[in-house]
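Biologist: I am new to this structure and would like a close look at one part of it. Please keep the account plain.

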Amino acid sequence: MPKSQRTTDTNNSAPVPEQGGTSGKVQSLERAITLLQATADSSPDGDTASNLAAQCGLNRATAWRLLSTLEQFGLVERSPVTNRYTIGFAVARMASAAGFDGLIRRAHGTLRRVSEQTGETANLAVVQQLGLTYIAEVTPPVVLSAKWLGRQVPLHATSTGKALLAWIPEEEAQSLLSGPLDAYTDTTITDRARLRAELEQSRERGYSVCVGEMERNLYGVSSPVLGSRGRPFAVVSIWGPQDRVPESRFAALGTLARAAADEIAKAAQAL
């Protein structure tokens with residue numbers, strides 16, 4: 001039987017299988033995917049080849065060759081001014097053709113368990129270019145509740161939106177809030193200084209809250225699902241009517257939301 005083709009990385013003198021083997025993995029492809037993920041996490045400013053290499057445990061020469069190949073196919077772009085790499089248009093084009101079926105499948109069990117534990121609705125929203133879209137929801141069978149699937153909502157008036165705003169860079173949050181902060185109820189936060197203070201509190205406790213700010217009777221908590229560099233790609237929420245989800249439950253529900261978000265983040269790594 002012919003021997004497996006082998007390559008040697010300068011960071012590790014021991015030969016490793018390039019393809020095939022017991023794992024069936026292709027090492028160079030794994031490295032390219034890791035670099036692509038690190039580049040995505042560095043959004044919106046991007047990062048240099050040296051920094052990306054260090055984050056992925058690669059030597060700079062290997063990282064540079066892989067990034068050059070990814071750039072050739074439009075998967076990353078390099079700024080000629082800063083030499084920083086950002087995600088390329090080809091990734092956006094492929095993403096626009098993809099659904100969220102895999103994430104929904106992996107998150108469903110977690111959402112179902114949270115809904116059963118709390119007796120309330122648990123849902124998942126994904127981060128998109130201009131905000132959030134709800135993609136999965138589990139509602140207790142005896143509870144009648146609003147359906148949020150496919151909806152986009154004002155970021156400043158929901159715990160889901162505030163969880164996104166609290167965990168992205170401030171300049172991005174300001175960009176998403178460039179328009180007026182409309183009032184939907186008498187508890188909607190329309191003052192920017194007050195909103196910034198609440199976002200800071202959300203980061204400190206690990207979850208955001210909503211006290212009837214979008215719909216007067218709906219209260220809830222949300223926690224971000226974070227990628228490898230602490231950037232949110234989705235948000236988990238637990239919510240219900242005020243009489244069942246009073247502010248006195250926020251701390252306990254917030255703890256459950258944080259745990260669910262961490263669980264979904266780990267599951268998403270396997271996608």
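What covers the buried residues of H2?

Modeller: This is a predicted model, in which local features need pLDDT of at least 70 and side-chain atom pairs count only at pLDDT 80 or more, while totals for chains, interfaces and linings use all residues. Residues are numbered from 1 along each chain as its sequence is written, and side-chain values use heavy atoms, with hydrogens and water left out.

Helix H2 spans residues 49–56; helices (H or I, at least four residues) and strands (E, at least two) are DSSP runs, numbered from the N terminus. Its buried residues are Ala 49, Leu 52, Ala 53 and Cys 56, where buried means under 20% relative accessible area, exposed over 50% and partly exposed in between (1.4 Å probe, protein chains only). Seen down the axis of H2, these buried residues fall within an arc of 100°, so they line one face of the helix. The arc is that of the directions from the helix axis to the C-beta atoms.

The cover over the buried residues of H2 includes helix H1 (27–41), strand E3 (47–48), helix H3 (60–72) and strand E5 (84–87); contact means heavy atoms within 4.5 Å. Just after H2, Gly 57 takes a positive phi of about 70°.

As for confidence, the chain averages a pLDDT of 85, and 84% of the residues score at least 70; pLDDT is the predictor's confidence in each residue, from 0 to 100. Over residues 1–22 pLDDT stays under 50. Where pLDDT is low, the predicted coordinates should not be read in detail.
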